[in-house]
Amino acid sequence: MSGVTNQSAGEARLQVAGLSSGYGPVTVVRDVSFSIAPGEILVILGKNGMGKSTLLKTIMGFIRAKSGSVRLDGSEIANRAPHLNAREALAYTPQEYAIFQDLTVEENLRLGVTEDRLLGARMGEVEAAFPVIAKRFKQRAGTLSGGEQKMLLLSRSLVSRPKIMLIDEISEGLQPSMVNRMAQVLRSTSAEKGVAILLVEQNLPFALSVADRYAILKIGEIVEQGDVAHADTAATLERHLRI
Amino acid sequence: MADIPAAGRVPDATRRSSRQVWRTVLGAAIALAIVATAPLYLGTYMTNVLTRALFLAALALTVDLIWGYTGILTFGQSAFFGIGAYACALVFTHWGFGAGWAIGALVIGIAVAMVTAWLTGLLSFYHGASPLYSSIVTLALPIVLTQVIFSGGRFTGSSSGLSGFPTYYWKIDTWFWIAGVFLVVAATFAWLFVRSDYGRILIAIRENEDRCAYLGIPVSRIKTALFAVCAGIAAISGFGYAAFSNVVAPELAGFQLGTESLIWVALGGRGTLIGPILGAIGIDATSSYLSGNLPFLWNFIVGVTFVAVIILLPNGIASLITGAWRRYRTRGAGGGDQPRDSGIRLTAAPSVRAAAAAGRSASPPIRIDGLTCRYGSLTVLDGIDVEGKQGQLLSIVGPNGAGKTTLMRCISNGTERTGGTVTVAGTEIGRSSPQKIVGLGVGRSFQNTSLFDSLTVGDCLRLARYRIDGARPFYRSETVALPEPALEILAATGLDQRLGVETRYLSHGMKRGLELAMVLATEPRVLLLDEPTAGLTKPERTAIGHVLTRLAEEYGLCIFLIEHDLDFVREISNRIVVLHQGKLLLDGTVEEVVSSELVKAVYAGQDLEATV
Amino acid sequence: MKTLQRIGTLGFGTLALMGALMNSAAAQSTVKIGIPVGLSGANSVVAPSVVQSSQLAADEINAAGGILGKKVELVVADDGSGAQGAQRAFNSLVFQDDVDVLISMETSAARNAGLPIVNRAGKPFIYTSFYEGRSCSPNMFVPAWVPDQQVKPVVDHFTDTLKAKTFYLIGSDYNFGRGMLEFTRKYIEERGGRVLGEEYLPMDGSDWTSIISDLRSKNPNALITSTAGGAPNVTLTKQLRNAGIKIPYGNLAVDEGTAKTMGADATDMFISQSYMTGIASAENKKFLDAMQKKFGGELKTPNDLSVPQYEAIYLYKAAAEKAGSTDAEDVIEALPEVSFTGPRGNIQMNKQHHTPLTMYLGQVKDGGSVEVIKTFENVDPGEQCPNL
Amino acid sequence: MAILLLDILTTASMLFIVAAGLMIILGVMKLINFAHGAFLTVGGYAAHVVTAHGFSPWLTIPAAAAFGFVLGVVVERVVVRPLYSRPLDAILATWGLGIIIAQVIVFAFGREVQFAQSPISGTVDLFGTGYSSWRLILIAVAVVLGLLLTALLYLTRFGLNARAVIMNENLARGLGIDSIRVRAMTFGLGAALACAAGALITPLLSVDPNMGLPWLVNSFMLVLVSGIAIPGLALASLVLGGAQVLVSTFVSPIIGGITIVVLAAVILRIKPQGLSRG
């Protein structure tokens, strides 16, 4: 039952198979399998405490995988150090403390690229996606509004030219208009640059407006998955996510 | 050893503990026998060397109590040793010599050391002090004291110290016996102490000081008292050292001796008592032997061994032996995660229901007015007003970052909030420390299950009873009296069958259960629970939900519950408070909250939870 | 390569010493001389020279038939230059090695710590280090100078020849430093001079800034210092020179060897000693040649600590021979009655167990050599231990 | 009065120079390096070796820094890295390391005081009196050092990475920063600064196996009082160094010797985060 396997390993950018992980003796993520193709967006849905963030952290290498595999373009990256994963184009956006509040916007963006000189060339993309970020270049990131901070987060991921983006609840606390903007940027990034995006969300409308496919995580296991466009989606979600 | 006659009369239930006492006494007797006979075959030189080493071993013993058991890295224990030594030398040199003077000098030494330690404790063990700060103060202590001695001129003998003052020119064997008996007595008491109720508290402080405070344990006071007592013991050994060797010098109070004693303890094995004693004796005696001929090589070897032990064997060389012993034992008896005979019996505490009934008429259990909390420019809570009523289970919901956990913090620790008042059963909490607020009847559980890893379930429960039942300094209670709901949780989770298991081996669910049982053991009137069911299985949740409902309904507790699982909330709660960006959005019944347009508006298209 | 050699030497040295320790029980036909000395700690700089001169004395005596026909055996122990180490060292020498006599140069703290052990065991103890004075024990003998002997030449020279009227005193805050300067102050005032300031820094202090500034603002005619040996001495001198202080500078705590290694910083400094390598006597020449021959490149410059050590061993020999035994009591009785003419001249201790000495006032010249500018014959130690 | 002011300034400069390495290590690695005193000593000996081989005394400082860097990287790998999760143990292990370094120095150079040539000696005329030129140079060195460290931290990629690691190590790792390497480089830098400081103070001190030890506790106190920031360290050096000079001048140099320790304990009781925070 666990697994979204409508892609063969050959096409998958990110392939997760039988992944389990947790903290100390506690297992939080249990035997999770899925894959994402280039240009595809998968959203993991589920309530708090179900293991969504843990799953992202395990893929990124922050938490040791107890078993299972994680493959990037076919090569195993499970339990590789996070900084190596980051350099190989995994862009991870955590839910909390995701920007350096005491650094300037520019410095935050510089941290997204491996060499400072690359930033200039890639600023165009940021300007196109979020003009306001480019304007606040020298401002301390902590002084940005909540929405602007989220834009900075995405901008930082964009300048790193990722193959895969792992994004943890980007929509949380945002105005509806801002949520729409985020959705647009994510869709275009995935479509135009072929980035595979793994979203973790609780905001259902946003999730469904962005993702190609969904998977529902309950107590660490994937209990349901499917195409967003499928006719059953609404019913399935209703069954799993509402009381 | 005042406990021993009593141990003879204890009833069956405490047989195990009395066995513990007898075993200790037997060990002490063997040690005394060794001390008594050692001079007969050691020869004058070794006796001489070992007499000094025995006094230093007593110093190491106190360092182990402070650092090994309680986790306070102290560089300054030598200061107290020096105070004792100088009390002896100064009195004998300048005022007089004789039995009366000797006792007077000893008393002065102990008193000065203990007062100094007490003042140091007041300075460095306040609630919220970083462990580094107390280390800094203990580092400053010997440096200042040495300087005082240096500037004492003829009175203290400055750098040369004092020597040749009148003292008891007993035979070296006699001195050896004095030192040996002193060390054995001190070690025996220390041995019983660390195995007593109080000893568990020391370990609990080392492992999680903050949690201790939230169980109502007066951490600062206990640390200060321990520091003072250890200072007294160090002063006695310093006094003995000076009287025996007939010389004192500033180095006896210095920073170098302070760090050296850390090295003895680290090499011997911190938190073992025996290890540090053997470490001190071994290193001091060997350096007497070797340093004459190999001063630099010897220091080099000590340095390399020290660094290697710290990195590779954090529990000291003793851990090689005890580790092997443990492995040998567990091969027969099963691992540490197996339930063992804990020697602890649970009994029911006098019913809290009666107590709750008695307090029913008074003011509401908790009242919060205009509570505000800011970190710099960030306002986490803004003017919250809530009143908790007896028998009410109040759930706090809201998205991440809404300020739910901060609210708990501000209630349970008087120093956290920046504005507003919190009144618990009619008493304004002011700037009280967590343990005082626990005393008012507020119990708090934490989001992360960070318990006391190396304590057993039984130890943890007894720890939680400290505020009510106290603790005995040289004796281990065999029964833990718990209020009924705590017993129920233990029974429901099967923890009552695992009282002897160290908590690190517990499953997540059991840890949650133990956490809750511990909070209930403090007999709170107000219960603050931060996601008590996070990560639990469905049956476990149901069990805990059941207990919570009963706590509110039958025992009249006022419960504040942070919970994400709205299914759960709906099942057990009769009132919901919604927080959003630090503000109280709504306060009402489950139905009111669900149907609220305001909540919908804020959460619109955003949060599944609010659409319950 | 040099490092390896040193480690090798150290290794072999210790092996040899351990061998000596093990053999000690076997042969009782030797006279054992215990030498507790600061191989580590503050005295570690000068200790090797003391061990060397002891070895020369022992070799010479053994070559000439020993003491009362018995061979001399040296047992060296490190006292760590402090009280604790000294107790260890004295304990092991007295009770483990059962030495016949202790002859050594030590810090005052180490001496104080060792003395009760010596007294308890009733052994003779020849303390060969100059010190602050007035330490008395029936067992202890001091063939080295005390403030009464050392300070006078410097102060006399400053007041008489250099016409200094105002003085400034700087010391390390310890017994020797304070004892020396206390005496110096008294003597200066006796001579009609004025002390403008007397300041101390803790023994491990190295920042003399405020003291030097104070010195400069008071503008005295001359400066006299008495710091702990080694580092404090060097740091003070360096900082004085760095601050451009050029008034006459008498250093009561520096020896020739250190002055030499200090280089240009030490130039023009006055030192007052009972021994200088430049003493023109047959005994001194013979001693220096023998040292050079024995130790060659490893030779540590003989100094005012190592030479009294050398002489003390001969004094012990003389006392034992006079008493006709190495029995402690007999030797203690005989020690004040014997004399020996060594590199420093004729040495004879008095009833108070201290020694009248010839003192030399020297000045450090460019290149580090010390020129003797005045000799003070037979300076009396004064009343050190009237009760003995 | 002018002299007093210069004394305060130069003392503060020395303290700043000496404590900078300790602060860098504590700031980035949250680790108290009790081998700092030994590193200072190593710097002094490096200066001794350089001038003993006839090289220019000015070379002592870069040579000491280079040697210190290598030493620091090695020490980080062998001693420090296993102890990141046990910060109090790291204090003890680095203290033990200090003992080892001192003994190795004794094996290599013997116990006696060594000498290193000073790049500059003598005095400069200022306000009517001569003042030690080297001390004046130290003021300049301290200022330049402070600026260079600020530039390193705020203008270079290494500095950005280091600051990111200080603020949120996990986030930094998630952005491709090899925090282990940053730590190793930082420890190397801290050790290099300590050794360079050792070389810088030798013209005023003696080179002996324990020369750095008296500076350890004072540096430690300064760094904690500074609140781990370069301007904070400058302020702490001025305040505490100034207090030391004032107490030494007007009360007694002996009490002056413990001024920094006592004052630091008091300041930290009132402001646990140090001067530059809260």
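## Close-up views of a predicted model

View 1. Residues are numbered from 1 along each chain as its sequence is written, with chains lettered from A and ligands numbered from 1 in the order in which they are written. An unreviewed UniProt entry lists residues 187-207 of chain D as "transmembrane region", together with 12-35, 55-75, 87-109, 134-155, 219-243 and 250-270 (UniProt positions follow the numbering used here, feature names are shortened, and annotations may be inferred rather than shown by experiment). For residues 87-109 of chain D, the end C-alpha atoms lie 32 Å apart, and the span is 100% helix and 0% strand.

**View 2. The contact between chains B and D.** Here 27 residues of chain B are in contact with 27 residues of chain D, two residues being in contact if their C-beta atoms, placed from the backbone, lie within 7 Å. On the chain B side, at least two residues each come from α5 (131-150), α11 (255-268) and α13 (295-312), and α5(B) gives the most, with 10 residues. Sorted by class, this side of chain B has 21 nonpolar, six polar and no charged residues (nonpolar are Ala, Val, Leu, Ile, Met, Phe, Trp, Tyr, Cys and Pro; charged are Asp, Glu, Lys and Arg; the others, Gly among them, are polar).

**View 3. The contact between chains C and D.** This contact draws 34 residues from chain C and 33 residues from chain D. On the chain C side, the elements giving two or more residues are α1 (2-24), β7 (194-201), α7 (209-218) and α8 (231-242). The side of chain C that touches chain D holds 10 nonpolar, 15 polar and nine charged residues.

**View 4. Strand β10 of chain C and its partner β13.** Strand β10(C), residues 270-273, is covered on both faces, with C:Phe270 and C:Ser272 buried on one side and C:Ile271 and C:Gln273 buried on the other (a residue is buried if 20 or more other C-beta atoms lie within 10 Å of its own, exposed if 12 or fewer, and partly exposed in between, with C-beta atoms placed from the backbone). β10(C) pairs with β13(C), residues 357-364, in the antiparallel sense over four bridges, and C:Gln273 stands opposite C:Tyr360 of β13(C); two strands pair if DSSP finds at least two bridges between them. Across residues 30-368 of chain C, the end C-alpha atoms lie 42 Å apart, and the span is 42% helix and 20% strand.

**View 5. An open sheet of chain A.** Six strands of chain A form an open sheet in the order β6-β7-β8-β3-β9-β10, with mixed pairing. β6 (90-93) and β10 (221-227) of chain A stand at the edges with a single partner strand each, so one side of each has no neighbour in the sheet. Neighbouring strands are turned by 15 degrees against each other on average, direction ignored (axes are lines fitted to C-alpha atoms, for helices over the stretch in contact, and angles run from 0 to 180 degrees between N-to-C directions). Within this sheet, β7(A), residues 164-168, and β8(A), residues 196-201, run parallel and are joined by five bridges, with A:Asp168 opposite A:Val200 of β8(A). Helix α1(A), residues 52-60, packs on the sheet and touches β3 (41-45), β6, β7, β8 and β9 (213-218) of chain A, its direction making about 150 degrees with that of β7(A). Chain A contains nine helices and 10 strands, and 48% of its 243 residues are buried.

**View 6. An enclosed helix and an open sheet of chain B.** Helix α8(B), residues 197-207, is largely enclosed by the rest of the structure, because nine of its 11 residues are buried; among them are B:Asp197, B:Arg200 and B:Ile205. Elsewhere in chain B, an open sheet of six strands has the order β9-β11-β12-β6-β13-β14, with mixed pairing. Its edge strands, β9 (442-444) and β14 (583-588) of chain B, each pair on one side only. Strands β6(B), residues 393-397, and β13(B), residues 575-580, run parallel and are joined by four bridges, with B:Leu394 standing opposite B:Arg575 of β13(B).

Notes:
Predicted model: local features only at pLDDT ≥ 70, side-chain atom pairs only at ≥ 80, totals over all residues.
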